[in-house]
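User: I would like to go through this structure with you. Could we start from the aromatic side chains and then turn to the helices?

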Amino acid sequence: MENETVIRFGVFLGLFALLALVEAWVPRRVRSQTRKTRWVTNWGITIANTVLLNALAFALPLLAVGAAIDAGQQGWGLFNNVSLPIAVEIIAVILIMDFAIWLQHLVTHKVPFLWRLHRVHHADVDIDVTTAIRFHPLEIAFSMLLKIGLVYLLGPAAIAVILFEIILNGTAMFNHANIKLPLWLDAIVRRVIVTPDMHRVHHSVHREEHDSNYGFSLSIWDQIFGTYIPQPAEGHDDMKIGLQWQDDRPSKLGWSLALPFFKK
């Protein structure tokens, strides 16, 4: 779709800058490491992901949006074979794809090989807006392949996929951000959207807590399937973030990229 990449990148950069400013203004937790130490590594991982996705696009030209366009041309997928108002289709696609991402996230915690990849995200010793972009390149590739398959099954309009990607990226940055929402506002927002306090529980070193609150966008899936924990046992100020056995090495790019191949 024309200008799709430019629009998505512009929205991403704008939201990233806004949330980074809010973090500096009203932080929720005191950082254990400086921004520079972690941000260089987290952005380095993102650059590696971008290179990999570009290579994947070269070998497999139809990524998520391209797959939606191709499915439409071929008449494949559910929504290419039913007649619905476009607004209804967009809402349905966003709900289905958000649930799929929630389920994929849960599975990455349960399957040992996938957890090896996903723990790169959890190894961050602080949590802020850059944690939302800290995913191992192999996990990003795996996620994209699943997303492409889902798009072919659904046959959604390309605009629905674009909107979903924008919402997913935006809410992921929001709920990873180190920002302090008033408790009354957090209580209202988390009824629908995952808030920073809700998602921070998921980054606890304690297994029972990081095996909860899997949502990136909508909070309803955790509430429906019983994986919702409202607050960390040790409180947001005192809880420890990361993996139980790690030290400060997650701030190193090489260590983070090699982490899936460690035994622990």
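User: Is Phe-216 buried or exposed?
Analyst: In this predicted model, Phe-216 has a relative accessible area of 11% and is buried, because buried means under 20%.

User: How many aromatic pairs are there?
Analyst: The count comes to 13 aromatic pairs. In one of them, the ring centres of Phe-135 and Phe-216 are 6.3 Å apart. The planes of these two rings stand at 70 degrees, so the pair is edge-to-face.

User: Which residues do ring pairs link into a cluster?
Analyst: The cluster consists of Phe-9, Phe-12, Phe-16, Trp-39 and Trp-43.

User: Back to the loop between helix 10 and helix 11. Which value does phi of Asn-213 take there?
Analyst: Asn-213, which lies in that loop, has a phi near 50 degrees, a positive value in a residue other than glycine. Asn-213 also counts as buried, with a relative accessibility of 0%.

User: Changing topic: at what angle do helix 3 and helix 7 pack?
Analyst: Helix 3 (residues 64-74) and helix 7 (residues 158-176) pack at about 160 degrees, and their axes are 8 Å apart. That angle makes helix 3 roughly antiparallel to helix 7, because angles over 145 degrees count as such. The crossing of helix 3 with helix 7 is right-handed.

User: Which residues meet there?
Analyst: From helix 3, Ala-64, Val-65, Ala-68 and Ile-69 meet Ala-158, Val-161, Ile-162 and Glu-165 of helix 7. By class, this contact has seven nonpolar residues, no polar ones and one charged residue.

User: Which residues of helix 3 are buried, and what do they pack against?
Analyst: Ala-64, Val-65, Ala-67, Ala-68, Asp-70 and Ala-71 are buried in helix 3. The buried residues of this helix pack against helix 1 (4-25), helix 6 and helix 7.

User: What follows helix 3?
Analyst: Gly-75 follows helix 3, and its phi is positive, near 75 degrees.

User: Now helix 4 and helix 6. How do their axes cross?
Analyst: The axes of helix 4 (residues 86-110) and helix 6 cross at roughly 145 degrees and come within 11 Å. The crossing of these two helices is right-handed.

User: Which residues form that contact?
Analyst: On the helix 4 side they are Ile-96, Met-97, Ala-100, Ile-101, Gln-104 and Thr-108. On the helix 6 side they are Glu-139, Phe-142, Ser-143, Leu-146, Lys-147, Leu-150, Val-151 and Leu-154. The residues of this contact divide into nine nonpolar, three polar and two charged.

User: One last residue. Where is Met-144, and is it buried or exposed?
Analyst: Met-144 is part of helix 6 (residues 137-154). With a relative accessible area of 12%, Met-144 is buried.

User: What separates Met-144 from Ser-251?
Analyst: Met-144 and Ser-251 lie 107 residues apart along the chain, and their C-alpha atoms are separated by 26 Å.

Definitions and conventions:
Residues numbered from 1 in each chain as written. Predicted model: local features only at pLDDT ≥ 70, side-chain atom pairs only at ≥ 80, totals over all residues. Heavy atoms only, no water. Axes fitted to C-alpha atoms, helices over the stretch in contact; angles between N-to-C directions. Helix = DSSP H or I, 4+ residues; strand = E, 2+ residues; numbered from the N terminus. Parallel < 35°, antiparallel > 145°, perpendicular 65-115°, else oblique. Left-handed = near helix turned anticlockwise from the far one by under 90°. Contact = heavy atoms within 4.5 Å. Nonpolar A, V, L, I, M, F, W, Y, C, P; charged D, E, K, R; others polar. Buried < 20%, exposed > 50% of the residue type's maximum accessible area, 1.4 Å probe, protein only. Phe/Tyr/Trp six-rings, centres within 6.5 Å; stacked < 30°, edge-to-face > 60°.
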